[in-house]
Amino acid sequence: MIIQPEWGTRNVNKYFYESEARRIADLNEIFGEVELTEDEQRILIWLAGWDEYTIENMLSAIRKAMVAEAKRLKAARP
């Protein structure tokens, strides 16, 4: 799960912090149950600082990869 740093711990304004929180929530739809390292969390928080269009496209690509992996694993079963 991605945990947003507390308000006031970074030099960001309230609008950025609120926007980042929404994008982190979107990312947590995929990563919510995944145990992430500090480095993985840090990179995903950095990505959450990008615009919504970037995050939406990244999430779309990740979801497609998840579907493809599920199909590959299903096909590999005897």
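Q: How do I read the accessibility of Glu-18: what does 37% count as?

A: A residue over 50% relative accessible area is exposed and one under 20% is buried, with partly exposed in between. This is a predicted model, and in it Glu-18 comes out at 37% relative accessibility, so it counts as partly exposed.

Q: Which side chain does Glu-18 meet in a salt bridge?

A: For a salt bridge, look for a Lys or Arg side-chain nitrogen within 4 Å of an Asp or Glu carboxyl oxygen. Here Glu-18 pairs with Lys-14, at 3.9 Å from N to O. Both sit in helix 1 (residues 14–31), four residues apart, or about one turn of the helix. Lys-14 counts as exposed because its relative accessibility is 55%.

Q: How many salt bridges does the structure hold?

A: Five. Take Glu-29 and Arg-63, whose side chains meet at 3.3 Å, N to O. That pair ties together distant parts of the chain, with Glu-29 in helix 1 and Arg-63 in helix 3 (residues 52–76), 34 residues apart. Glu-29 is exposed at 60%, while Arg-63 is partly exposed at 37%.

Q: Where do Glu-69 and Arg-72 lie?

A: Both are in helix 3, three residues apart, about one turn of the helix. Glu-69 is partly exposed at 36%, and Arg-72 is partly exposed at 46%.

Q: And Gln-41, buried or exposed?

A: Buried, because its relative accessibility is 18%. You'll find Gln-41 in helix 2 (residues 38–48). Setting aside neighbours within four places in sequence, Gln-41 is in contact with Met-1, Ile-2, Ile-3 and Leu-36.

Technical notes: Residues are numbered from 1 along each chain as its sequence is written. This is a predicted model: local features need pLDDT of at least 70, side-chain atom pairs count only at pLDDT 80 or more; totals for chains, interfaces and linings use all residues. Side-chain values use heavy atoms; hydrogens and water are left out. Helices (H or I, at least four residues) and strands (E, at least two) are DSSP runs, numbered from the N terminus. Buried means under 20% relative accessible area, exposed over 50%, partly exposed in between (1.4 Å probe, protein chains only). Contact means heavy atoms within 4.5 Å.
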